[in-house]
Amino acid sequence: MPEASTAVFEKDNFNAEKYVKNLVQDCVGGPELQQTKQKIQALSDTVSSTLKKHVYENYMQFIETAKEISHLESEMYQLSHILIEQRNLLTTLRDESLLDDQKNIIEEQSLDPNVNEEQQNRKAIQLIKESLIGYKGNLDDKVFIHEGGLIELDSNDYRPICRIHLFLFNEVLVLAKVRNEKKLEFQTEYETKKIAVINIKDLDGVNKNAINVITSDGARMFQCINSTAKQEWIDKFELAIKFHQLKKPKKAQAPQPPKTLKFEAPQKSTDSELLTLSPTASEMGRVIVENLPPEWLVTAPEEIQAEIAQRHFEDCLALLQKCEEHLAQDSSFHGAAEIGEKIKALKASLASVLMHELSNSQSRSLQAALRSSRRPLKLLVEMEKSREACGILLRVCTSAIRSSQRQARRNNLAVSELFFCDVALVASEFLRAFSTKASCTSALIVWCNMELQYFASQLIKHYLTKDTQLEMVAKVVEGVREPCQKLREIGLDLSYHMEGLLRSTLGQLLDEARYRLVDSIGRTEDPWQPYNLQTKTGLRTLLKEFDVLGIDFRAYVTGDTWINLTQATVNFCRHLLQTTESCAYLAKYDSLQRDAEMLIRELFLSQHSNKPPNSLNADMNFVAKNKTYMTEVLLPIAMKRFERIAGKKPDLLMELHTQLRTVPPKPKPRSVYQTDVL
């Protein structure tokens, strides 16, 4: 008899089946087999105890390691903080040195001071066109204002991105990227009438001397070499914007006061002093006072710029609306058109900043993105920017939902429930934000359909592939159906669309499952004898298992361990009821009910039509008893189970039941040989 030791089991070529055969051949009688079994069981208990001990030791070591990692994490945090400070310092030094080395194009090439401004402007434009690589625009009719090198910063963490050289003209702003060879490569250009400049407050250790240029593509942040260069850029941008405004014809020229009284209007005078003036002078002074705008309106553009830079969007919008209301009521004062243009440009700048703020939430989770979007959404709706805002919001939600779906698939989570919960969250937040804008609802419907199509394609790609087991298919479909129907609570019904997207794939999977399951029937030989469970414990276990399925075999129990049905019939009962349950879940979709019933019908008929071979002298009464049990007991239980789950009557199965009952099987005469088992 071979010795039972762990060394035998640890070999790479260990074969359990071969080992058991050798064991049976070498052992003499049942006592030796029982003894060997006890030794193997003792080895199993020893290995299990050793494994638990090792697991406990590993767990304790894991706790100790976690403590060490916690201390190391604290030290790494301190080290990271020091490195960040050093990086900021080195970055500042590097940027300043880079900006110092970068010279202006116009300053390098000497211009003749004796020629007029027009010739100097043409000469400057020619030099700029020669220095720019890849620029194909027209600068001949432009007026050159200013140029210089800056560092473009990331608007989120103020990290330097690249070196940029700016050329400012009266109508366009040209941006060129500085290469390592100090060559200027054209990047893009913007119209000055569509840009605005915001002075950013300096922050110690983060950014200094930075300006924010609001363009049609969004906000771009640039860092100047010092505060003087920063102020010069702000002044030049203001000059370019004013240059554009001066070209526009004014509706009416504001009244101009006489030169002799130019400085008399701002002086404070009492009513008595005004009365002492001559009638003409008094009237002129009154006109001057009436034509001056309020002091708060004059300083409003600067305050609005400061509010935008400090992210005080609510106060900024309130001040903008106040300015617009005042200009709507009274625009006869001197400079009203210029102030109105500034307010209009600043309002466009605020809208662009809010759009950028809304877009920046796309890298966060869906809940965080929706929370951060409430503030800019509310302000954009007040500014009548609902269409643009809802489009950006839905794009942000798309990015967040698809990212969470990828993470859920990697972690083997319930992707269907997560998806429909996210859709419900987006729909609720969307309807809350745009409750007063009914025209935006169509955008939500289109978005839901697009996201549902993408989700269905991913579901088919990852979970409903070919050869997927029918039980898994039913589980996936049921996991989709329940959360999808819950969307009806908020007035969003996507069930019909979801059924249409999955219909073709589920139909193919049902066909493949039908061919596979029907083909498996009869693969194993059936002795057509009563089923012997060997032990009473085995019989009790089987009876309890089938009690859960709704089948009671106690009336067919004979002897201590026998069931008066074949083993194939008993196993088929389990198989048919499990398949019926899966098909019933799929049959909740009306378009799949017939395919699901057809699978059950053909599977049942395939087993029901099995006959013992001619070479086997089987008892035909016993064969007929198995077929009768399947028709009279198993099929009605399967039909009730189908109707309870699917909520629909199985018409094909009911028709099959009627047909089989009208044609009972004709058994052969019973053999003269009898047995107590039967």
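1. A residue counts as buried when its relative accessible area is under 20%. Keep that cut-off in mind for this one, which is a predicted model: of the 678 residues in the protein, 39% are buried.

2. On the overall make-up, you'll find 22 helices and eleven strands here. Take the contacts between residues at least 6 apart in sequence: 66% of them join residues at least 24 apart.

3. The protein has an accessible surface of about 40600 Å², and carbon and sulfur atoms account for 52% of that.

4. Met 60 sits in helix 3, which covers residues 29-101. Is Met 60 buried or partly exposed? Its relative accessibility is 34%, so Met 60 counts as partly exposed.

5. Next, the sheet. Strands of a sheet pair through backbone hydrogen bonds, in either a parallel or an antiparallel way. Here, eight strands form an open sheet with mixed pairing, in the order 1-5-4-3-2-8-7-6. At the edges are strand 1 (132-133) and strand 6 (196-199), each of which pairs on one side only.

6. Which residue of strand 4 is the bridge partner of Leu 166? That's Leu 175.

7. Last, find helix 11 (residues 336-359), which lies across strand 6, strand 7 (210-215) and strand 8 (218-223). Helix 11 runs at about 95 degrees to strand 7.

Notes: Residues numbered from 1 in each chain as written. Predicted model: local features only at pLDDT ≥ 70, side-chain atom pairs only at ≥ 80, totals over all residues. Heavy atoms only, no water. Helix = DSSP H or I, 4+ residues; strand = E, 2+ residues; numbered from the N terminus. Buried < 20%, exposed > 50% of the residue type's maximum accessible area, 1.4 Å probe, protein only. Contact = heavy atoms within 4.5 Å. Areas by Shrake-Rupley, 256 points an atom, 1.4 Å probe, with all protein chains shown as cover. Pairing = 2+ DSSP bridges. Axes fitted to C-alpha atoms, helices over the stretch in contact; angles between N-to-C directions.
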